[in-house]
Amino acid sequence: MNCETCQLKELELEPTEIRDVLRCILHTIFFHRTLSLVRPKDVDCEILEITYVQCGLPELEKEVDEKIDLFVAWGEKHPNRRSQVCLSFFDEKHKHPGWFVNKTERIYWEQWFINLHVIKSPKRYNKSSSSKGLTNVGGNDLEETRSRRAALESSLNEVLFQIINFANEKKDHIPAIPDRIFNHEIMIPR
């Protein structure tokens with residue numbers, strides 16, 4: 001079985017934007033690869049002006065948030081670095097057991113590479129009481145922040161369309177699996 005891969009466009013973002021961006025991307029991929037019955041849930045990003053769909057599965061939301069927390073912690077220790085988060089889908093095959101051996105082999109059938117460049121966030125704005133509002137701390141810096149956020153939103157929209165196109169075009173490699181979410185793993189830098 002061939003493993004299809006999708007390298008998503010690199011996004012440049014500040015540490016405060018990591019949660020929104022990764023939630024949006026990961027949940028969009030899961031939504032397009034889940035064959036089970038789900039209750040779709042529209043979610044607005046906290047900082048960006050983007051709405052995406054989640055599967056409405058609490059255990060999946062918890063797993064995604066835990067992985068994002070680990071990535072945020074990694075990003076704090078390694079500022080101004082390029083990194084990659086990999087979401088892999090796989091099937092499990094049981095190898096022929098020996099006397100005391102019962103091995104399971106993972107056969108990966110799809111991998112999504114989320115490319116991020118986390119830049120140091122300048123101390124130029126404060127989050128106001130409105131979740132999307134910014135208060136001016138340094139003159140023209142507020143306009144610069146708005147401009148950079150608009151560019152990030154545009155780039156993130158391109159990535160979302162990239163995900164949708166890939167998910168719609170590449171289906172032949174998906175194994176026949178009963179009505180459930182696929183086996184998966186989310187790998188972050190260590």
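Helices, here runs of H or I of at least four residues, and strands, runs of E of at least two, are DSSP assignments numbered from the N terminus. In this predicted model, the protein chain contains three helices and nine strands, and these elements follow one another along the sequence in the pattern β-β-α-β-β-α-β-β-β-β-α-β. Of the 190 residues in the protein chain, 44% are buried. Among contacts between residues at least 6 apart in sequence, 73% join residues at least 24 apart.

Two of the helices, α1 (residues 18-33) and α3 (residues 141-169), have axes that come within 10 Å and cross at roughly 15 degrees. Because angles under 35 degrees count as roughly parallel, α1 and α3 are therefore described as roughly parallel to each other, and their crossing is right-handed. On the α1 side, the contact is made by Val21, Cys24, Ile25, Thr28, Ile29, His32 and Arg33, while α3 contributes Leu152, Leu156, Val159, Leu160, Ile163, Ile164, Phe166 and Ala167. Sorted by class, the residues in the contact of α1 with α3 comprise twelve nonpolar, two polar and one charged.

Beyond α3, the loop that lies between this helix and β9 (183-187) holds His173. The relative accessibility of His173 is 10%, and because the term buried applies under 20%, His173 counts as buried. The side chain of His173 is joined to that of Glu110 by a polar contact of 2.6 Å, so that this loop residue, placed between α3 and β9, is both buried and in polar contact with the side chain of Glu110.

Methods
Residues are numbered from 1 along each chain as its sequence is written. This is a predicted model: local features need pLDDT of at least 70, side-chain atom pairs count only at pLDDT 80 or more; totals for chains, interfaces and linings use all residues. Side-chain values use heavy atoms; hydrogens and water are left out. Axes are lines fitted to C-alpha atoms, for helices over the stretch in contact, and angles run from 0 to 180 degrees between N-to-C directions. Angles under 35 degrees count as roughly parallel, over 145 as roughly antiparallel, 65 to 115 as roughly perpendicular and the rest as oblique. A crossing is left-handed if the near helix is turned anticlockwise from the far one by less than a right angle, and right-handed if clockwise. Contact means heavy atoms within 4.5 Å. Ala, Val, Leu, Ile, Met, Phe, Trp, Tyr, Cys and Pro count as nonpolar, Asp, Glu, Lys and Arg as charged, and the others, Gly among them, as polar. Buried means under 20% relative accessible area, exposed over 50%, partly exposed in between (1.4 Å probe, protein chains only). A polar contact is a pair of N or O atoms within 3.5 Å; within protein, one must be able to donate a hydrogen and the other to accept it, and residues adjacent in sequence count only if both atoms are side-chain atoms.
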